[in-house]
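Dear colleague,

Please find below the structure that I am handing over to you. My notes on what was found in it follow.

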Amino acid sequence: MYRQNAFDREGTFLKGSLHCHSTRSDGQDAPEDVIRTYYEHGYQFMALTDHNIFSRMTRTDHPITMLSGIERDMTILGFRKDRPLCVHIVGIGDPAAPEGPAHDEVIPNYGSYEDCSSAQGMIDEMHSWGLKTFYCHPEWSGTTYEDYRCLKGNFGVEVWNTGNVIENGLDTGTAHCWDQALDEGRRVWGVAVDDGHSMKVHCHGWVMVKAENSAPEILKALEEGSFYASCGPEIYDFCFRDGRAYVDCSDAVSVSFHTLRMPLRKTAGEHVTHAECDVYDGIHYVRAVVTDAQGRCAWTNPIFLR
Ligand SMILES: [Zn+2]
Ligand SMILES: [Zn+2]
């Protein structure tokens, strides 16, 4: 029987935070307080991704796996010079890796440019440091798909950003850039993050990565897409078999299936824990969104159909 699974790797699901801030840049709370907060909320790994300052902590007061991290940005002069488009990129890595900046090293701002393709230099530099990168808050940044598509090598794009959801009502899971990228066959994964600069923003959006608990294994699983993004619901299985997609999840009120250019069947009810959907010939990827009774979502990564 022909079956494709979203989660093929060995290991259990680990809860992780990929984007948050502390007093090392413009966050309100000390790094140790931010780390303790995530630990107390059941996270197994996290990265401190302060603006323009590199973090590569390996030890903390709590048993939580630390990734190295940084958020960098560059400005593109937009349709008005006082309304620039900002490309923000988070890079995460293995703090024990030999390459890359030192802990607390300040990285100068990348500068202002005429167009989005100039951001590739910033992204390539982060890759030369051994980091995996993802594109931050595309809606908050005012990103069109034309802007986004010229950037290469990002393993992910934010589908949920708690800070921008609270402050702007943006990056709420609509994922406009993501579906267009997937429709072009680009292997890019959806991440949920907090981007918290204060305690009320931390611990509302995360990734669940199926991996052994070490920085190299977590990073490998992230790059392979062996994870899902969530603000609450759990996804136990997502697979495609003989023309149908299947989801098993925690108690939900709906499971919807998505691909660009084709409406697919949603399952709704009081206690949905399993959903199935016909996936027609010609569709080349499918992903699913689980919504619980509190309105919180979880997003699978796509399965590309062979
Ligand atoms: Zn940002
Ligand atoms: Zn940020």
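The residues that line the largest cavity divide into six nonpolar, two polar and three charged; here Ala, Val, Leu, Ile, Met, Phe, Trp, Tyr, Cys and Pro count as nonpolar, Asp, Glu, Lys and Arg as charged, and the others, Gly among them, as polar. This is a predicted model, in which local features need pLDDT of at least 70 and side-chain atom pairs count only at pLDDT 80 or more, while totals for chains, interfaces and linings use all residues. Residues are numbered from 1 along each chain as its sequence is written, chains are lettered from A and ligands numbered from 1 in the order in which they are written, and side-chain values use heavy atoms, with hydrogens and water left out.

Cavities

The structure holds two cavities of 30 Å³ or more. A cavity is a set of points, on a 1 Å grid over the protein atoms alone, where a 1.4 Å probe fits but cannot get out; a pocket is an open set with protein on both sides within 12 Å along at least five of seven lines; and lining residues have an atom within 4 Å of a point. Grid points are joined across faces, edges and corners, and a volume is the space filled by probe spheres set on the points.

The largest cavity has a volume of about 60 Å³. Its lining includes Pro138, Glu139, Asp171, His176, Cys177 and Trp178. Strand 8 and helix 5 (176-183) are the elements that give two or more residues to this lining; helices (H or I, at least four residues) and strands (E, at least two) are DSSP runs, numbered from the N terminus.

Cys177 belongs to that lining, and its C-alpha atom is separated by 5.5 Å from that of tyrosine 145, 32 residues apart along the chain. Tyrosine 145 lies in helix 3 (residues 145-149) and is buried at 8% relative accessibility, where buried means under 20% relative accessible area, exposed over 50%, and partly exposed in between (1.4 Å probe, protein chains only).

The second largest cavity holds about 40 Å³ of space. Among the residues lining it are Phe54, Arg56, Asp94, Gly100 and Trp129, and by class the lining has four nonpolar, four polar and three charged residues. Glycine 100 lies in the loop between strand 5 (85-93) and strand 6 (112-113) and is partly exposed, with a relative accessible area of 33%.

The largest pocket

About 320 Å³ of space lies in the largest pocket. It is lined by 16 residues, of which Asn5, Ala6, Arg187, Glu224 and Pro302 lie nearest its centre. Strand 1 (3-5) and strand 17 (303-304) are the elements that give two or more residues to this lining, which divides into six nonpolar, five polar and five charged residues. The pocket lies between domain 1 (10-231) and domain 2 (234-306), because both give residues to its lining; the domain bounds come from an automatic or database domain assignment.

Aromatic rings and charges

A search of the whole structure finds 13 aromatic pairs. Rings of Phe, Tyr and Trp (its six-membered ring) pair if their centres lie within 6.5 Å; planes under 30 degrees apart count as stacked, over 60 as edge-to-face and the rest as tilted. The ring centres of tryptophan 160 and tryptophan 299 are 6.1 Å apart with planes at 40 degrees, so this pair is tilted. Tryptophan 160 lies in strand 8 (residues 156-161) and tryptophan 299 in strand 16 (residues 297-300), so the pair ties together parts that are 139 residues apart in sequence. Tryptophan 160 is buried at 16% relative accessibility, and tryptophan 299 is buried with a relative accessible area of 2%. Phe7, Phe13 and Tyr228 form one aromatic cluster.

The charged end of lysine 15 sits over the ring of tryptophan 206, 4.1 Å from its centre. Arginine 241 lies over the face of tyrosine 246, at 4.3 Å from the ring centre. A charge sits over a ring if NZ of Lys or CZ of Arg is within 6 Å of the ring centre and within 35 degrees of the ring normal.

Backbone

Aspartate 195, in the loop between strand 9 (189-193) and strand 10 (206-211), has a positive phi of about 55 degrees and is buried at 8% relative accessibility. Aspartate 242 has a positive phi near 50 degrees, and is exposed at 52% relative accessibility.

Yours sincerely
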